[in-house]
Amino acid sequence: MNKFFTNLSKPEGLGGRLMLVAMNIGHSSLSNWGLRRLAIKPEDRILDIGCGGGKNIARMLKKAYAGKVCGLDYAGASVAKSKSLNRRAIAGGRAEIRQGGVSQNPWPAGSFDTVTAFETIYFWPDFVNDLREIRRVLKPGGTVFICNEVNKPEEGEAPYQYWIKKMDLKIYTSSDFRRCLGEAGFIGIEIVTKGKSRICVSAKAP
Ligand SMILES: C[S@@+](CC[C@H](N)C(=O)[O-])C[C@H]1O[C@@H](n2cnc3c(N)ncnc32)[C@H](O)[C@@H]1O
């Protein structure tokens, strides 16, 4: 049971493949809630980090219908599932999925209008430096957009304590987000929460 749930942080093998299908379905409500808060233009170039099963890439391809949506994930199973789900867009040159970690982003500086991260920052090794790496690949004025199911209040505990402890998840308050994004050089930070259960954070590269 617990080993199965480690597939949330790095999907592998059969359990990982099942988890990716489950996440593509189970994260729909959160993703659609978040995406309603992200302005995407038809010609935008977007990178989704921790792309998992690739459903958010598919969703954003519909909005960026004249642009390109790329995906990055360190898990081979996530890359394979994202590629399979978005194979037509990849064949048409409108999507590209690469395997790699958030800390060593393989794209050159200034590649993207928007970088998204859905349900993945809990696992990132060095949040401020990882945000700096995102700023590097954003165009000036580009947007970083983070969307999470778990929103830690300034006072008291976040929900889902059992899983947070079991999986050593990194959970941030709104003031943590403001501090980390500021340290990474972002400006124009905006945060929307829905109770303790949802948060989306956006900020601009200068
Ligand atoms: C809980 S899943 C979320 C997947 C997808 N974004 C979604 O909302 O359904 C987390 C994903 O982030 C990836 N991930 C975690 N840490 C990562 C890192 N340091 N670099 C790249 N990908 C990472 C995992 O492999 C996994 O596919």
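Residues are numbered from 1 along each chain as its sequence is written. Because the model is predicted, local features need pLDDT of at least 70 and side-chain atom pairs count only at pLDDT 80 or more, while totals for chains, interfaces and linings use all residues.

Me: In what order do the 7 strands of the open sheet stand?
Reply: Strands are DSSP runs of E of at least two residues, and helices are runs of H or I of at least four, both numbered from the N terminus. Two strands pair if DSSP finds at least two bridges between them. The edge strands, each pairing on one side only, are β3 (95-99) and β6 (187-194). The pairing is mixed, and the order is β3-β2-β1-β4-β5-β7-β6.

Me: Why is strand β2 described as largely enclosed by the rest of the structure?
Reply: A residue is buried if 20 or more other C-beta atoms, placed from the backbone, lie within 10 Å of its own. On one side of β2 (residues 68-73), K68, C70 and L72 are buried, and on the other V69, G71 and D73. In a regular strand the side chains alternate between the two faces of the sheet. Strand β2 is largely enclosed because the buried residues number 6 of the 6.

Me: What is the handedness of the β-α-β crossover from β1 to β2?
Reply: β1 and β2 are parallel and share 5 bridges; L47 has C70 as its bridge partner in β2. Between these strands the chain passes through helix α4 (residues 55-63). A crossover is right-handed if, with the strands pointing away from the viewer, the path from the first strand over the helix to the second runs clockwise. This crossover is right-handed.

Me: Within what arc do the buried residues of α7 fall?
Reply: Helix α7 (residues 127-137) lies across β1, β4 and β5 (138-148). Its buried residues are D130, L131, I134, R135 and V137. The arc is taken from the directions from the helix axis to the C-beta atoms. Seen down the axis of α7, these residues line one face of the helix, because they fall within an arc of 165 degrees.

Me: Against which elements do the buried residues of α7 pack?
Reply: Two residues are in contact if their C-beta atoms, placed from the backbone, lie within 7 Å. The buried residues of α7 pack against β1, β4, β5 and α9.

Methods: Axes fitted to C-alpha atoms, helices over the stretch in contact; angles between N-to-C directions. Buried ≥ 20, exposed ≤ 12 C-beta atoms within 10 Å, placed from the backbone.
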